[in-house]
Amino acid sequence: MAMISGDNHGLRLAVRYTVLLLIALIFIFPLVFMVMSSLKPDQQLLVDASSLRAFLPVGDISLNNYLAAFERAPVGLFVFNSVLVTGVTVALSLLICSAAGFAFVFINWKGRGVILSVLLATLIVPFETIAIPMLLMVSKLPWLGMDGLTWGWLNSYHVQIIPFIADGLTIFLFVQYFKDLPGELIEAARVEGASWWQIYRRIVMPLSGPILATAAILKFLAMYNQYLWPLMVTQEEGYRPVMVGLQYFFQLNIAWGEVMAYLSLITLPVLGFYLYLQKAFIASIASTGVKG
Amino acid sequence: MAKISLQNIKKSYGNVDVIKGVDIDIEDGEFCVFVGPSGCGKSTLLRMIAGLEDISAGELVIGDTRVNDLPPSQRGVAMVFQSYAIFPHMTVRENVAFGLTIAGASKAEKDAKVAEAARILQMEHLLDRRPSQLSGGQRQRVAIGRAIVRKPQVFLFDEPLSNLDAALRMDMRMEIGKLHQQLGATMIYVTHDQVEAMTLADKIVVLKDGKVMQIGAPMDLYHNPANLFVAGFLGAPSMNFLNVEVVGLEGDLAEVSSPVLGKVSVSAKRGPFAVGEAAILGLRPQYITLESGKALMKGKVALTERLGAETVVDIGLGDGTSLIAALPQDAVYTVGSDIAVGFDGDKAHLFKAEALPEKGAH
């Protein structure tokens, strides 16, 4: 009997790992294909694409595509722009949206139910429908910057940041998470004399690791993948992010090797951010998974 | 000075009245227990005193100050919650010092006060641990430590022991009693456990449906319950209630009888009663004796519970009512056998007939 159940166990494990491996392969193949192709000249790349060689570093392997990509487009500038815009937006978004969620859940004020409903209703409005009105709006807004008061936000970093700091989804995520925090913790802090700001900073934020990580990942991906909006609001190369930069490789002669090299390069920050937050995510679960 | 005065305090949520006009005076240094069945409003009342719930009407005075509109932090109160509410991301030391940190105390002051609180609660060795590394009783200590470190005028306890097991509950109950003696502060303690109420309180407030049923010292309430609810709520096993008829009146005494009970004279202080009036006779199980006393009742043993020090016997009386007797010492009573018990009239309570409280309401 023991033998049979042992065999069953082994079989089940084998099936499980095979399935997991297949799923992992499905997800990893495009990445491997991208990185391998970026190392090959265009002709070989197209020939290899029809065989398994597409996933192997075989044939004429070099970093020439990377050098060419840097020549064709200011890759460093685009990555810098994207990382800056995305980083600042994520940081401000976590601050503002968590504060908004805090106010919706913990502070009792008139009309909060209505305002939260309106905010949630914005989730069903596709960005494309409001893109043009938003463009008209930001093109007329005042800005106080280094050059004094100017009108119109086009061709700047802030036009890519400010409209995306607060959004219904991120606020909703925080609201849902805060609702599950034990209310007595907040009440205990109030009795101890903490102000709302102190409760937010000293009690609620330190316990919000998992939701901060989740919201940060979602916001990061959305911001890093921005294409339509930056295309509309940045005519100057100096402010363009990576996705708009991809256009540079589809003009005139398309060099697939360079496209793959460019994609490999702009994937690096995303991977790094993911790996970093994965650690924070696990750590935050370990420290907050405490039975009251 | 931390006298607390609740004057006609009311609380409503929309059209629903939860607290229906409560008047309570708590003296400086007194240990006052709010007790009552679930949903009676005792926790709401405590939260109103803490400032966590708005007061719909009435006056709340702590010391000499009307505090109705003051935030919790300015009322001079500290609160211990049922779930302990200690902050999971802070060490015990940080938890205990939280109020001091918020108030901007210096590190030296915090260290000294935390050390003092830890000494009183015997938890010096726990200070650098995290809440997840503590047992339920230890967490409760931390919550109490956080309360005492600020030296508040008033301590509020919201069912602080209900999450602990029975043995630990008894230990912590004694410790809270000792703490009250040591600190001499005013304490308000909410519980649904009448044993906690009886053992800890200087003054018990019995609540039901948002109204005060009776206020008094524990033994006062036990021996002189003002109404059927208080009589039934305090004491374990709870008081027996027998339907009787008033058959005679003489001064402060009323003579009552029923089909299962011969004539017996009892105090009529909760009257006035009229001859021929239906009334309810309350008998504590502990004052029922075996085959003695002035009034005798006969019945059959329906159930026995041998507790060692006493034996609780459920006696089926002739008319279908049951009578619980807590007879002293361990003894064997065969189920179904005949039994005769009695009581002294001066230990019985006569109440005006009204709806009987549900058994097991607490």
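Trainee: How many residues of domain 1 of chain A are in contact with domain 2 of chain A, and how many of domain 2 take part?

Mentor: Two residues count as in contact if their C-beta atoms, placed from the backbone, lie within 7 Å. By that rule, eight residues of domain 1 of chain A are in contact with seven residues of domain 2 of chain A. This is a predicted model, in which local features need pLDDT of at least 70 and side-chain atom pairs count only at pLDDT 80 or more, while totals for chains, interfaces and linings use all residues. Residues are numbered from 1 along each chain as its sequence is written, and chains are lettered from A and ligands numbered from 1 in the order in which they are written.

Trainee: Which elements give two or more residues to the domain 1 side in chain A?

Mentor: Helices (H or I, at least four residues) and strands (E, at least two) are DSSP runs, numbered from the N terminus. Here the elements are α1 (2–37) and α2 (42–48) of chain A. The largest share, three residues, comes from α1(A). This side divides into four nonpolar, two polar and two charged residues; Ala, Val, Leu, Ile, Met, Phe, Trp, Tyr, Cys and Pro count as nonpolar, Asp, Glu, Lys and Arg as charged, and the others, Gly among them, as polar.

Trainee: How many residues does each chain give to the contact between chains?

Mentor: Chain B gives 20 residues and chain A gives 18 residues. On the chain B side, β6 (77–80) and α3 (98–102) are the elements that give two or more residues. That side holds 15 nonpolar, five polar and no charged residues.

Trainee: In what order do the strands of the open sheet with β6(B) run?

Mentor: Strands of a sheet pair through backbone hydrogen bonds, either parallel or antiparallel. Two strands pair if DSSP finds at least two bridges between them. In chain B, six strands form the open sheet in the order β6-β7-β8-β3-β9-β10, with mixed pairing. β6 and β10 (211–216) of chain B each have a single partner strand, so one side of each is left without a neighbour in the sheet.

Trainee: How do β6(B) and β7(B) pair, parallel or antiparallel?

Mentor: β6(B) and β7 (residues 154–158) of chain B pair in the parallel sense over four bridges. M79(B) has L156(B) of β7(B) as its bridge partner.
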